[in-house]
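User: Please examine the helix packing and the pockets of the model shown here.

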Amino acid sequence: MESIDIAEYIDHALLDPSATPEQVERCCAQAEQFNFAAVCVYPSAVRQARELLQGKKVKISTVIGFPTGATTAKVKLYEALEAAEQGAVELDVMINLGWLKAGKSEDLYQEIAQICDETGQTVKAILETNLLTNTEKRLAAEVCMDAGAAYLKTGTGWFGGATVEDVKILEKITQGRVGIKAAGGIRTLAGARELIKAGATRLGTSRGVELVREQNRDESNL
């Protein structure tokens with residue numbers, strides 16, 4: 001665990017609804033400087049991020065149906081298609097929690113499957129595990145995997161942070177079939193490493209720069 005490069009796991013998130021174009025520019029510059037896996041911005045900032053990161057290794061991610069997931073399937077699909085057209089290659093899609101809790105697994109499946117099929121991009125299904133029972137976590141995970149999601153994401157961060165326990169639950173369910181993105185409340189290098197040890201393959205955080213700098217300080221003290 002000590003030898004991992006934390007930067008390779010980080011989706012550098014700028015999901016403050018008041019973020020300015022100047023902040024988007026800084027976020028993208030930081031992602032390039034620190035070799036983060038991706039930037040995650042709102043759909044309205046995707047075009048700017050694409051222009052800033054054209055030809056760079058950093059992937060452009062955005063959020064769909066964020067943060068509640070309660071918009072209609074048609075609205076989510078339109079949002080996803082537009083984001084993909086403007087340059088997003090990863091789509092963090094908030095699932096419809098009302099459908100999940102009502103047992104409408106077929107509706108949930110169709111929504112995620114259509115976005116996966118019609119955009120052709122990497123879809124990360126946001127489960128909001130802090131609001132789910134363990135039975136609901138399993139159902140959501142299995143439906144989203146069957147629908148074609150490439151990652152399961154713990155949550156938006158709006159309803160609590162990622163926990164090691166939930167990452168372990170998802171790792172046990174997925175058995176390596178898809179990636180696991182832990183997001184929300186990742187503030188320390190030790191916390192990030194615990195999530196990775198539990199099975200996280202991506203970390204959604206706005207504190208990526210601080211985490212990399214903390215790692216660099218640790219390594220310089222060895």
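Analyst: Axes are lines fitted to C-alpha atoms, for helices over the stretch in contact, and angles run from 0 to 180 degrees between N-to-C directions. Helices (H or I, at least four residues) and strands (E, at least two) are DSSP runs, numbered from the N terminus. This is a predicted model, in which local features need pLDDT of at least 70 and side-chain atom pairs count only at pLDDT 80 or more, while totals for chains, interfaces and linings use all residues. Residues are numbered from 1 along each chain as its sequence is written, and side-chain values use heavy atoms, with hydrogens and water left out.

User: At what angle do α5 and α6 pack, and how is α5 placed relative to α6?

Analyst: Helix α5 covers residues 105-119 and helix α6 covers residues 134-147; their axes lie 8 Å apart, at an angle of about 40°. Angles under 35 degrees count as roughly parallel, over 145 as roughly antiparallel, 65 to 115 as roughly perpendicular and the rest as oblique. The angle therefore makes α5 oblique to α6.

User: Which residues of α6 meet α5?

Analyst: Contact means heavy atoms within 4.5 Å. From α5, the partners are Ser-105, Leu-108, Tyr-109, Ile-112, Ala-113 and Cys-116. On the α6 side they are Leu-139, Val-143, Cys-144, Asp-146 and Ala-147.

User: What is the class make-up of the contact of α5 with α6?

Analyst: Ala, Val, Leu, Ile, Met, Phe, Trp, Tyr, Cys and Pro count as nonpolar, Asp, Glu, Lys and Arg as charged, and the others, Gly among them, as polar. On that basis, the contact of α5 with α6 has nine nonpolar, one polar and one charged residues.

User: How far apart are the axes of α6 and α7?

Analyst: Helix α7 spans residues 164-174 and packs with α6 at an angle of about 50°. That angle makes α6 oblique to α7. The distance between the two axes is 10 Å.

User: Which elements give two or more residues to the lining of the largest pocket?

Analyst: A pocket is an open set of points on a 1 Å grid over the protein atoms alone, where a 1.4 Å probe fits, with protein on both sides within 12 Å along at least five of seven lines; lining residues have an atom within 4 Å of a point. The lining of the largest pocket has 22 residues, with Ala-13, Thr-156, Gly-184, Thr-205 and Ser-206 nearest its centre. The elements asked for are β1 (10-14), β7 (179-183) and β8 (202-205).

User: How do the residues lining the second largest pocket divide by class?

Analyst: Among the residues that line the second largest pocket are Glu-8, Phe-36 and Lys-57. The division is four nonpolar, one polar and five charged.
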